[in-house]
Amino acid sequence: MTGEPCIGVEHRPHCYLCGSPGNRLYGGLRDGLYNAPGRWNLSSCRRCGLVWLDPRPLPEEIWKTYGTYCTHSAAPSGSSPRLARLRNRIGEAVLATCYGYERNRGDTPLRGIPAGLCRAAFVRDIYGIPIMGLRAAWRGRLLDVGCGDGAFLARMNRLGWETVGVEPDAKAADRAKAHFGVDVIAGTLDQADFPDGSFDAITLSHVVEHLAEPAETLRRCWQLLRKGGRIMVTSPNAQSLGHRIFREHWRGLEVPRHLLIFSLHTLRRMAADAGFATAALRTSARGAHALYLESRLLKAGKWTENPWPRAGGRLKMESLLFQLLEEAVGAVRKTAGEELFFEGIKP
């Protein structure tokens, strides 16, 4: 950070994963989302491809970067009630067809929704990644690290999981308890003090990029899982098509809250070093339209909270066309998706 000593920082000139010296990728970036003070630089590793913030906020200062940040709050989609009902019905069909979650007997029959549509990769990701790819056959005790407002925990409860969350933002943890009645511990994973081997699955949805020591967190998750337990991780993809196009204006960078931006290679390496066997590792174009729209607004200096319903028709059409483009490119170039998805198993 240069010129504005509002947040204490520490220099990180070497790659977090392999120790190689970093090369300047972008410099003098401002927080166009939530107006955290300062200008920030990003470095990249020539050897492994990791991207990181250098310098970055001191651990005791990082709270200052989250001043107006709303943890895991879901913005309204702007969909009509009829379209929302159709989306819900398709979602129920995907969860039943691809993930084994039986529907309640009183639910409306899913007539007219073919199984082939449910199994299409882009449809499966739209509904499967929000449940972190967890299948009904794996049900047991689930820990969500960085659980935010608790909506995910509540949903997984309804799907038959026994859930608990950890959330460092005390306000978000209180909101989760009040709104959803879920079990949430306000604090870090280490502060939660769970016994080893006490979970069947652990999820980290867009969490590892916020952590100063994500490798240590993954190693702790390995300890907390039972043998054969699964860890599910999502994170922005440093090699995505959107990043290649928008560069320093790409929404996934989110300086200064995102301390590390991973790729398929670097996420696999970090998980393997923590002891996990890779069951699935891929990118997804889910949400590429939203990333395009927000990146366009950031580039123009016009980003606003909940931008999709407020955007013009032309920009929305461009965003949807970009979604189709990324789906097509992703069929050939597996690194193209905006989001990384990792499923690991404790051997």
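**Notes on the strands and a pocket**

1. Ser 44 belongs to strand E3, strands (E, at least two residues) and helices (H or I, at least four) being DSSP runs numbered from the N terminus. A quick word on ground rules: this is a predicted model, where local features need pLDDT of at least 70, side-chain atom pairs count only at pLDDT 80 or more, and totals for chains, interfaces and linings use all residues. Residues are numbered from 1 along each chain as its sequence is written, and side-chain values use heavy atoms, with hydrogens and water left out.

2. Is Ser 44 buried or exposed? Ser 44 is buried, at 17% relative accessible area; the cut-offs are under 20% for buried, over 50% for exposed and partly exposed in between, using a 1.4 Å probe and protein chains only. Setting aside neighbours within four places in sequence, Ser 44 is in contact (heavy atoms within 4.5 Å) with Pro 21, Gly 22, Asn 23, Leu 25, Leu 50, Val 51 and Trp 52.

3. Now the pairing around E3. Strand E3 (residues 40-45) is joined to strand E4 (residues 51-53) by 3 bridges, running antiparallel; two strands count as paired if DSSP finds at least two bridges between them. Within this pair, Ser 43 sits opposite Trp 52 of E4.

4. Zooming out, E2-E3-E4-E11 is the order of an open sheet of 4 strands with antiparallel pairing. Strand E2 (22-29) and strand E11 (260-261) are the edges: each has a single partner strand, so one side of each has no neighbour in the sheet.

5. Over to E9. Strand E9 (residues 199-205) pairs with E10 in the parallel sense, over 6 bridges. Two of the facing pairs here are Leu 204 with Val 233 and Thr 203 with Met 232. Strand E6 (residues 141-145) also runs parallel to E9, through 3 bridges, and Leu 143 stands opposite Ile 202 there. Of the 7 residues of E9, 5 are buried, so E9 is largely enclosed by the rest of the structure.

6. What handedness does the β-α-β unit of E9, H7 and E10 have? The unit is right-handed, meaning that with the strands pointing away from the viewer, the path from the first strand over the helix to the second runs clockwise.

7. E10 (residues 225-236) is mostly covered too, with 9 of its 12 residues buried. E10 is also joined to strand E13 (residues 339-345), antiparallel, by 7 bridges; Ser 235 has Leu 340 as its bridge partner in E13.

8. Last, the second largest pocket: its volume is about 1000 Å³. Its lining takes in 33 residues, with Tyr 66, Pro 168, Thr 188, His 210 and Leu 211 nearest the centre. Elements giving two or more residues to that lining are strand E5 (56-57), strand E7 (162-167), helix H6 (189-192) and helix H7 (214-224). H7 gives the largest share, 3 residues. On definitions: on a 1 Å grid over the protein atoms alone, a pocket is an open set of points where a 1.4 Å probe fits, with protein on both sides within 12 Å along at least five of seven lines, and lining residues have an atom within 4 Å of a point. The volume is the space filled by probe spheres set on the points.
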